[in-house]
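Student: Can you walk me through this one? I have the sequence and the model open.
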Amino acid sequence: MVKAKRGPEVTVLPIHFEDRSGTDFERLCFAYLLRAFEWKTIDWYGQVGSDSGRDIWAVRKTGETECFQCANHSALKFKKAEEDLAKVVAGPNGVPTKFTLITGGKVS
(Lines give C-alpha, C1' and ligand atoms only; values in the text may rest on other atoms or scores of the structure.)
Protein backbone atom coordinates (compact mmCIF):
# COMPACT_ATOMS: atom_id res chain seq x y z
CA MET A 1 0.00 0.00 0.00
CA VAL A 2 1.42 3.38 -1.06
CA LYS A 3 0.41 6.49 0.84
CA ALA A 4 0.06 9.72 -1.10
CA LYS A 5 2.21 12.56 0.12
CA ARG A 6 0.27 15.56 1.29
CA GLY A 7 1.42 19.14 1.54
CA PRO A 8 0.71 21.33 4.55
CA GLU A 9 -2.89 22.28 5.14
CA VAL A 10 -3.62 25.92 4.42
CA THR A 11 -6.58 27.93 5.64
CA VAL A 12 -7.10 31.47 4.40
CA LEU A 13 -9.35 33.68 6.50
CA PRO A 14 -10.37 37.30 6.09
CA ILE A 15 -8.34 39.87 7.96
CA HIS A 16 -10.42 41.82 10.45
CA PHE A 17 -8.89 45.26 10.17
CA GLU A 18 -11.24 46.60 12.83
CA ASP A 19 -9.40 44.42 15.36
CA ARG A 20 -6.04 46.06 14.55
CA SER A 21 -4.62 49.19 16.14
CA GLY A 22 -3.36 51.96 13.88
CA THR A 23 0.23 50.83 14.46
CA ASP A 24 -0.59 47.18 13.73
CA PHE A 25 -2.38 48.21 10.53
CA GLU A 26 0.65 50.25 9.42
CA ARG A 27 2.93 47.33 10.26
CA LEU A 28 0.80 45.02 8.12
CA CYS A 29 0.87 47.51 5.22
CA PHE A 30 4.64 47.98 5.54
CA ALA A 31 5.28 44.23 5.60
CA TYR A 32 3.18 43.76 2.47
CA LEU A 33 4.83 46.62 0.56
CA LEU A 34 8.31 45.53 1.60
CA ARG A 35 7.77 42.04 0.20
CA ALA A 36 5.50 42.77 -2.79
CA PHE A 37 7.71 45.26 -4.67
CA GLU A 38 11.37 46.01 -5.25
CA TRP A 39 12.49 49.27 -3.67
CA LYS A 40 15.69 51.25 -3.60
CA THR A 41 14.63 52.36 -0.11
CA ILE A 42 11.48 52.05 1.97
CA ASP A 43 10.95 53.74 5.34
CA TRP A 44 8.16 53.42 7.87
CA TYR A 45 7.79 56.89 9.41
CA GLY A 46 4.44 56.17 11.08
CA GLN A 47 6.10 54.13 13.81
CA VAL A 48 8.18 57.07 15.03
CA GLY A 49 5.30 59.46 15.74
CA SER A 50 5.65 62.74 13.87
CA ASP A 51 5.46 61.45 10.32
CA SER A 52 4.44 64.66 8.46
CA GLY A 53 1.65 62.67 6.83
CA ARG A 54 4.05 60.03 5.51
CA ASP A 55 3.34 56.69 7.11
CA ILE A 56 5.50 54.90 4.54
CA TRP A 57 7.85 56.57 2.07
CA ALA A 58 9.48 54.50 -0.65
CA VAL A 59 11.80 55.09 -3.57
CA ARG A 60 11.65 52.76 -6.55
CA LYS A 61 14.82 51.69 -8.34
CA THR A 62 13.73 54.08 -11.14
CA GLY A 63 13.92 56.98 -8.68
CA GLU A 64 10.15 57.48 -8.48
CA THR A 65 8.95 58.30 -4.97
CA GLU A 66 5.82 56.84 -3.41
CA CYS A 67 4.07 57.93 -0.25
CA PHE A 68 1.63 55.59 1.49
CA GLN A 69 -0.82 56.89 4.05
CA CYS A 70 -2.37 54.13 6.18
CA ALA A 71 -5.80 54.88 7.64
CA ASN A 72 -7.49 52.11 9.57
CA HIS A 73 -10.79 53.88 10.23
CA SER A 74 -14.21 52.24 10.03
CA ALA A 75 -15.23 55.21 7.86
CA LEU A 76 -12.63 57.62 6.51
CA LYS A 77 -13.81 61.13 5.75
CA PHE A 78 -12.47 62.94 2.69
CA LYS A 79 -11.44 65.88 4.90
CA LYS A 80 -8.96 63.66 6.83
CA ALA A 81 -7.40 62.34 3.60
CA GLU A 82 -7.19 65.87 2.21
CA GLU A 83 -5.43 67.12 5.37
CA ASP A 84 -2.94 64.24 5.29
CA LEU A 85 -2.16 64.88 1.62
CA ALA A 86 -1.54 68.57 2.38
CA LYS A 87 0.94 67.53 5.11
CA VAL A 88 2.79 65.28 2.67
CA VAL A 89 3.12 67.99 0.02
CA ALA A 90 4.45 70.47 2.60
CA GLY A 91 6.65 67.83 4.27
CA PRO A 92 10.41 67.30 4.18
CA ASN A 93 10.36 64.90 1.22
CA GLY A 94 8.38 67.22 -1.05
CA VAL A 95 5.75 66.06 -3.54
CA PRO A 96 5.88 62.31 -4.21
CA THR A 97 5.56 60.85 -7.69
CA LYS A 98 2.67 58.76 -6.38
CA PHE A 99 0.43 58.94 -3.31
CA THR A 100 -1.55 55.92 -2.15
CA LEU A 101 -4.11 55.90 0.63
CA ILE A 102 -4.50 52.44 2.16
CA THR A 103 -7.68 52.04 4.19
CA GLY A 104 -9.12 49.32 6.35
CA GLY A 105 -12.68 50.56 6.05
CA LYS A 106 -15.04 52.59 3.90
CA VAL A 107 -14.05 55.89 2.33
CA SER A 108 -16.68 58.64 2.03
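Tutor: Start inside the sheet: Ile-56 stands opposite Phe-68 of strand 3. Keep in mind that this is a predicted model.

Student: How do strand 2 and strand 3 pair, and over how many bridges?
Tutor: Strand 2 (residues 56-60) and strand 3 (residues 65-71) are antiparallel, with 4 bridges. Another facing pair there is Ala-58 and Glu-66.

Student: What sits between the strands in that hairpin?
Tutor: There are 4 residues between strand 2 and strand 3, and Gly-63 has a positive phi near 100°.

Student: And which way do strand 1 and strand 2 run?
Tutor: They run antiparallel and are joined by 5 bridges. Trp-39 is opposite Arg-60 of strand 2.

Student: What holds paired strands together in general?
Tutor: Strands of a sheet pair through backbone hydrogen bonds, in a parallel or antiparallel sense.

Student: What is the strand order in the sheet?
Tutor: The order is 1-2-3-5, in an open sheet of 4 strands with mixed pairing. Strand 1 (39-44) and strand 5 (98-103) are the edges, each pairing on one side only. From one strand to the next, the twist averages 15°.

Student: Which strands does helix 1 touch?
Tutor: Helix 1 (residues 22-36) packs on the sheet and touches strand 1, strand 2, strand 3 and strand 5. The direction of helix 1 makes about 175° with that of strand 1.

Student: And helix 2, what does that touch?
Tutor: Helix 2 also packs on the sheet, touching strand 2, strand 3 and strand 5. Its direction is at about 145° to that of strand 5.

Student: Back up a bit. How many helices and strands are there in the protein?
Tutor: The protein has 2 helices and 6 strands. Read from the N terminus, the elements go α-β-β-β-β-α-β-β.

Student: Switching to the surface: which residues make the nonpolar patch?
Tutor: Leu-85, Val-89 and Val-95 form a patch of about 250 Å². Leu-85 belongs to helix 2 (residues 78-90).

Terms used
Residues numbered from 1 in each chain as written. Predicted model: local features only at pLDDT ≥ 70, side-chain atom pairs only at ≥ 80, totals over all residues. Heavy atoms only, no water. Patch = residues over 30% accessible without salt bridge, like charges linked within 9 Å, V, L, I, M, F, W, Y side chains within 5 Å. Areas by Shrake-Rupley, 256 points an atom, 1.4 Å probe, with all protein chains shown as cover. Salt bridge = Lys/Arg side-chain N within 4 Å of Asp/Glu carboxyl O. Pairing = 2+ DSSP bridges. Axes fitted to C-alpha atoms, helices over the stretch in contact; angles between N-to-C directions. Contact = heavy atoms within 4.5 Å.
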